[in-house]
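Welcome! Take a moment to look over the sequence and the model, and then we will walk through them together.

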Amino acid sequence: MKSNLFSALPNDKSQEHFEDLITSKNVRIERIVSYGQTSDEAFWYDQDEHEWVMVLAGSGTVEFSNGQKYTLEQGDYLTIPAHTKHRVSHTSTEQATIWLAVFYND
């Protein structure tokens, strides 16, 4: 079935939107649409899967518990190994930030 990652963006800008595009035993591909949302100050993702994430539009900053920060803009991507604590500390408020996230196991 044909679709487009930039179409049918959610109208509700009060929250972040997560949409599974493909799921299987070892891989999950997700579109995330952010409108300025960030992780709570005390919250850290600690996932069982590895994550490869790319910003398709907008911008966002991924912060790691060791203090490293990476600001991703259109076309930038990052690989986050499983159990690497991280959070989103910034997303664009000027436009939707569209993320493509691939979660996978070894």
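Which residues does isoleucine 32 touch, not counting residues up to four places away in sequence? Isoleucine 32 touches Glu16, His17, Phe18, Thr97, Ile98, Trp99 and Ala101, where contact means heavy atoms within 4.5 Å. This is a predicted model, in which local features need pLDDT of at least 70 and side-chain atom pairs count only at pLDDT 80 or more, while totals for chains, interfaces and linings use all residues. Residues are numbered from 1 along each chain as its sequence is written, and side-chain values use heavy atoms, leaving out hydrogens and water.

**Strands and overall form**
- The protein has eight strands and zero helices (DSSP runs, numbered from the N terminus: E of at least two residues for strands, H or I of at least four for helices).
- Its C-alpha trace spans about 35 × 35 × 25 Å along the principal axes.
- Among contacts between residues at least 6 apart in sequence, 64% join residues at least 24 apart.

**Buried residues and cores**
- Of the 106 residues, 38% count as buried (under 20% relative accessible area, with a 1.4 Å probe and protein chains only).
- The largest nonpolar core has 12 residues, including Ile32, Trp99 and Ala101; such a core is a set of buried Ala, Val, Leu, Ile, Met, Phe, Trp, Tyr and Cys residues joined through side-chain atoms within 4.5 Å.
- β3 (50–57), β4 (59–64), β6 (77–80) and β8 (97–104) each supply at least two residues of this core, and the largest share, three residues, comes from β8.
- A second, separate core of seven residues includes Val33, Ala96, Ile98 and Leu100.

Terms used
Buried < 20%, exposed > 50% of the residue type's maximum accessible area, 1.4 Å probe, protein only.
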